[in-house]
Every structure is written in structure tokens, then in C-alpha cells.
Amino acid sequence: MVTSETRAVSSFKKILSVSVAAALIFTMAVGLTACGSGSVDKEISIDIPDSDIVGNRVEAPVKTEYFTDNNLRTIEGEYEAPSYVNADASDLIQIDGLKNKEVQQTINDKIRGTFMEMITDTNPPPVRGAKLAVRDFLDEEGNLLPSEITVDCYVEASFENILSVKLWKYITYGSYEYDNCCWYSDTKVLNFDLNTGNELKLQDLFADNVDACKYINRYTNKLLETTDYESEEVFAYTDQFQIKLASPFEGFSDDVEFFVSDYDGSVNIILDYRTPEFYVGDNGTDTTWISIPYCEEMGYTEKFDNEEWLFEDEDVSYSLIVKPVDENHKVRMQENPDLSDVGEMIYYNKSLEYYDYQSEGFVNYAKKLYDNVEDVDGLIKDVEKYRKSYDGEISASHYYNLSSESVGKYEILSVDEILSAESIVGEDYYPIFYDETVQYITMDSTKSKIVGIDDLFVDGIDFEEAVLKQMLAKKAEVEEWTAESGREFVWSDKTEEYLKAMIESINGFRLGNRSLAFSFKYNAEAMAADYIGCDADLLWYYAYLCTGELYYRDFGCKSLTIFG
Amino acid sequence: MKRFFKIISILTAVLLVTASYAACSSTGDEAENGTETAVDTPSLQLSVDEWPVIDGATALSPYYEAMAAELLGMDIEEARQYVYCNKTDGAFENLINGRADMIFCSLPGEGQLEAAKEAGVTFETYPFLNGGFVFFVNKSNPVDSLTIDQLHDIYAGKITSWKEVGGDDVDIIPYQRTEGSGSQNGMYKYIIGPDEIMEAPTQLIAAEMGDIVDAVAFYDNSEGAIGYSYYYYVANMHYSDDIKLIKIDGIEPNDETIADGTYPIINQSFVIIRDDTPKDSVVRQIIDWVLSEEGQALGEKNGYIRNKSGK
């Protein structure tokens, strides 16, 4: 699938990508307060006549343990564009792989139609001040011609027999060269039922006994109550991207623009000129979205379910449901003492973050680790010891950070620890030691039991062999990268020995929505140096074979117990 | 052909302006006599060609966007495209360097006055809406009223229990707002300066690089909490029903006491122009309209409080 992560961006779009990234951070950091644990309000129910119901009739609560991915492919569509369109950065996507070609054509026609509309419309989107700003760019005859239009398509969701496509347009007037230009962005979203090719309305994503509009409005109101949204005050996370409330929020209407994200199953409500009460960006002219976390009131997993598999590719793959970051439920502990009286360059920091809805067993385990780590006195004693053995001033630090996340029914603790010391003589630094470790600990919340790597694979699957196969599959990728930088990635028996040694040292794993990553007892680069003895600048590539993401679909989802 | 239409539209606009200017003056008189009649068409109507460049604060954008819709005879979605909203700082910058003809903001701060002085610009300011700086507590708190001195001492850390101001024996938690925010600036202006104010309650929040830092804690409406904001936000936006507004010197903040200026902490909103704006400029016609009964009624319709005090 083509996703926003894999697409190359032009330098122009990079400017905008800062905004997009900030929006994501914003939604993750502050936008997920009200219904992190499931639902906003159980009372929001309605009765819809059968004739108005799209797909299967579904009643909340809808219990879902994991999502079923689609096997759609995207291909690049051809189009003819006016001269002002930046064709290098404008990609039309079309889908392929649906068994029903008529439905596929309907969807592709709609995507193409919207794309063509966007690249041929030379007017700015109806944002604040746009018609004032473009007055400077009218030609002598009063015509408005942009200097550049870029339209790109992103697949935001392709799972559970639905497809969400976002089309993002940038239109520029004037010239950057002469510092005399203005530009705007505009977003259109298309959401499809892959059974029929019909476009989805917001209500179609929710169970039939839930009023979708009331649900998202109540969620947003709760979000606003717990957020410092006042005008002239930054509501978002970064300076590049601000969201404020310009006027009272009276509720979204049921025709609000939205898209679904197959990363976490969330429904995302677009905030732009169609929702002027939200002032987005530096000039109130940008676009962002509020993420409504996946919950039992959303019925789309069952609503569009079909006994018949809709795709030509018969391989079924699944993804876990990632629980979004929920600041309002986060609990933090920290010890960060002032050690200036011990030494100006002595640092000690230990912290623990978990969520108040995580299981008692998990939280107790995390607290125990936090309490048992060597305390600040240990660091102070070490510093005194170094002072006796080394010249110059001693710099030393001990960082120990525990962070938590929930994915499906699993709770994951990441333990990051850095211990370092060096002596400083004049302007020269002499390392005493440096040790950085990461360990993942995964617990099944329903059993309060740590899940071992063996438990991850169904009986009969040799996990070491499966993992080695996945690591070896990344060979081509690494060879390509090293070749690009003019270096040779030497592959030998030693490489395989190295990988096997690393697999033996696996001490934990971290589940993501579609992939997992391992933690190792030994540092991957140090091990590569020992086994392979290659140039230092190639060590990272060997380490990448072990430390990158390993996708569930490549293992075969049926080989994994998490989808049992 | 296009030029022909342009000439016609300019002539039409001139006629409209002439007619509306006369109408504007008479509307003002009618308002003073309390004899205004409800009309659908505003007394001032302008064309896109004569429309000035307007900018302003976010909090006032609902007003000047609605005003543009009224005066341009458009729906608000269309009219919004004819006004900027670059926030207070941006709006002043644009007014000073001539990129805006009029702005809707609070009074300029020191930095903005300094920038204007350097550019040789002097402002004319017209108060047109009233607002109040308000304090709130949990509804269950028996304290109804505080004096400005008591508020000063609470935020200086001198009064630490509600018992000292007639309430229960409960510790006061004086919440503050983030530095640089409008409400925090209001606090410094009306109650206590930044050098004297106590340290704000903080909460640990996630920061970059996995670090955790202290940040100003958000008002939580707990038993001993006290917080502050502007009346417009509290009255119109998303504050909980479980809070209670505190009277200042016995005067409750409400639409009436803020409109007539009897509430002790009034903050006003202004139309601000450069003083070299020509006397016959359309900008001055718009100011007349804003100050007229029609302009004031538009403010009320959008959740603001009119300026009845005449100051």
C-alpha cells in the first residue's frame, strides 16, 4: 500500500509536513482525553430505520480484539495536468486487487474525479483572508493563476472492508524567489465501503444504536473542557502548529469531513475552513484533525464484514489495536535530584510513566523495577571512585526511564537505561565507560503474566528459525542502502552466525499494530564488531538486520498466538 | 467588457457608500433616542472593491467576520475570506507597516507601542466591546466574593486558606495560566505583577527526548482551587457547570455589570487605526457603524458584551 510514511516529499511539502507531524503529535499528546478507555457516553443511542442502514445491522458494544487488513494494492494513475501542476510531487493513486472490478472502477473514478477537480481549481480554498491575499496576484485582466499546485493522495485506512483516502492540495500564488507569495492547503477525504464502492457517511462507521454525531460532539466537548484552548493561548504542542478555539464550539454536523486511520482504528474529524471555530495554524488557515479513538460504539468491523473475501490476494493478515497516548490518564513518577554540589556534570534521572487504566499486575511490576534500580547514592559513590583513578574533572550520568503502552490486550514496558562516565582534562574527553540498554517487557493484561518469546508463536513453529528468516529477508534492503552510499555489504557465514547469536540473546519484544521489535541482551553493533569485524561505519547496517521492525504478515499471522 | 463591468461596479459602490454614510449617522441618533427600528439591511453597505484590509485578534474574529458579512452583504463563509486574522501581534505589525487599515484588538502593549513609535505611527483607538477578567472556584466553595487586595494576597502566597477570607478551613490552590497567555497577561495587569506572584502549581508533563518536565498545572476545580480567565470564554465556551464565578468587591460579573462598567475589572476591545487615516476613509465609516446600535447589537448576537459605559 502507498502510505504517507513511504511517500517521498518535495522540499515544499516538507514545510507542510512539519504541520502534519505537529498535528499528529497534537492529537496524540492532547487530543485523546475523553474516551481513552472506551466510550464517552453509553446513553448516546438512536434507532435508525432498517432502510437507512448501510452494511450489516450492528449494535454496540462491538468487541474487537484485532483488525483484519485488506489486500488492496495501490498503483499510480496517469493524468493530464495543466502546466502549473507540479507533476513530480502530484501522484494520483488508484486501487487494484478487488475481485469485483465494477466496484473497483467506481472507487477509482471517484478518486480520480476528486483529484482532477483539485488540480484544476485555481481558486484558493475559502479560508480566512484568502480573497484579500490573492488580490495581489491577479493579472491585468483580473485572472488568478497559481504558480504551483500539488495534489497528493494518501491511503489512511485499508482494512475491515473499508478504504479511506486523503487528498492533500497545496496551491501557491506568486514566487518564493522574490519573497512575494502566498500558499494554502486544502484537504478532501473519501471513505468507501469496499463491498459496494459507496461513499461512507460518519454514521456508517458507528453501530446502529449509536448517534455518531452526538458521540463525536460529546467527545470533543470533553476534550475542550480538559484542554487549555483559550484564544491567544497555544493549544497545540509546537510553535509551528497552533490550534485555538476562535468561537464557541457548538458541535459538528453529521456531514463533517472525516477519515479513518488503520494505524489505531480512530475516526479523525478534519478541522479546517469548514470548522471555523477551530483556528488552525499560525494564520488560522491550516488543516488538522481531532482523533476519536477506536471504541466499542464504532461498528465498522462488523458492519462491512462479508462472508466472501473481497480481494484477489487470498492471504489474510491482521493488525493489533493500538491504544492511543492518553495524557489525562498518564501517571508519572520521577527522581531528578539537583547534584550540583557533587559535581557540575553529574546527572541522575529515573522516571516511570504508566496509565491509570493499565492492569494492577503490570503497574506493580513497573513500580518494582523503578524502586529497585540503583539510587542516586550509587552514582555518587561511583563518581568518588573515578575521581581517585582518573585525572581531570569527572562527568557521569545515570538515566533510567520506564515507559508504558497498551496494544490489544498486551501491556508493554520499555526500559531504557544509560550509564556513562568520562574524565575531562582541559578540552579533552576520555571515556571511562558507556553502556546503553533497552529492554521490552510484554505482559498479557488478562492473565497478569509476562509473555515470553516462545509464547508468541503457535505450537509447531520454531521461533528462532522464523525470526532468522525474517532477518535474512532484510538482506536485499541493506545491500541496496550500502550500495547507494558506495560501500559493500559483505555477506558471509559469519553474518548468519552473528544473527543467530543475536536471536539467542533476545530478552523481550514490543508489539506494534503490524510489526514487532525485539530487545537484546547484547548491543547489536558491539556484537557485529565482535563477530564480523567490519568497518565501524557498516556496523549500523548489521544491527539493522536485528533491530528493525518485523512484520506479522511476513511471519504469517496464523503462526502467531496474538491472533488466536 | 470586463472594464465596463468594473466601472459600473465602482459607480454602484460610490452610490451605496454615499447613501449608507448618511444612513449611518441617522442610525446613531436613533440609537441614542432609543427609537431604532429593526432592519434587515445594515445602514452601511460596502463593495468588495472598497473593502479595507481588516485584521485582528482571534477572540474578536467572530465579531469582525460577522461584520464583514453584514457590510458586504454576503454569507459568513464568503465574507470570512475578506478579513485576516493574524492574532494580536500580527495584526499590530500589519497596522504599523501599512498592510492592514484597521484592526480589532485589545490596547497595544509596550512592545507594540515601541514598534509604532519607531515607524512614526500613532494609533487611534475606539473601545467598542466590554469584557471582564473573572475568577472562579468550585461551586461548593462557600466564598462568594473577594476584594482585589485579597486576590492579590492569595496570588502572592500571603493568604493560604479559604478560612482567611470567610470560607472553610481548606488550603487555597491558586492555579495560574501559561506564561505569555492572554489570561496570564491579564493577571499581571489587573492583580499582581510577575515579580510578586507566587510560583504556580505545576504538573509533570512529557517533554522532548523522553524527559518529563514541570508545567503550569491546568485548573482542576478541586475543593480549594481558584482560577481565572476572561468572561467571554467562561460564559461562551467550555467551562464546566460545576464552577462558580467570584464577585469582586461584592459585584457579580455578568452581562449587565460588565456592559455598564460597574464590575471592577473590565477589559475592553478596540477598533484601532493609524491616526493618519483620511477623514473620509471608508475605515472611519466602519468605525461609526461598529459604534452604532447595529454594530453593538451584532456584538451581542455573537456572545460579546456591548460597551454601555461610553468610555
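Two strands pair if DSSP finds at least two bridges between them. Helices (H or I, at least four residues) and strands (E, at least two) are DSSP runs, numbered from the N terminus.

I am working on a predicted model, in which local features need pLDDT of at least 70 and side-chain atom pairs count only at pLDDT 80 or more, while totals for chains, interfaces and linings use all residues. Residues are numbered from 1 along each chain as its sequence is written, chains are lettered from A and ligands numbered from 1 in the order in which they are written, and side-chain values use heavy atoms, with hydrogens and water left out.

**Strand E3, chain B**

I looked up the partners of E3(B). E3(B) pairs with strand E8 (residues 225-230) of chain B in the antiparallel sense over five bridges, and Phe136(B) stands opposite Gly227(B) there. Strand E9 (residues 243-245) of chain B is joined to E3(B) by three bridges, also antiparallel; Val137(B) stands opposite Lys244(B). I then checked burial (buried is under 20% relative accessible area, exposed over 50%, partly exposed in between, with a 1.4 Å probe and protein chains only). Of the 16 residues in E3(B), 13 are buried.

**Helices H2 and H10, chain B**

I took axes as lines fitted to C-alpha atoms, for helices over the stretch in contact, with angles from 0 to 180 degrees between N-to-C directions. H2 (residues 61-72) and H10 (residues 282-291) of chain B pack at about 110°, their axes 12 Å apart. I counted contacts as heavy atoms within 4.5 Å. Tyr63(B), Met67(B), Glu70(B) and Leu71(B) of H2(B) meet Ile286(B), Trp289(B) and Val290(B) of H10(B).

**Ser420, chain A**

I located Ser420(A) in strand E16 (residues 410-425) of chain A. Ser420(A) is buried, at 17% relative accessible area. Ser420(A) touches Ser395(A), Ala396(A), Ser397(A), Phe433(A) and Tyr434(A), leaving out residues up to four places away in sequence. Ile432(A) is 12 residues from Ser420(A) in sequence, and their C-alpha atoms are 7.5 Å apart.
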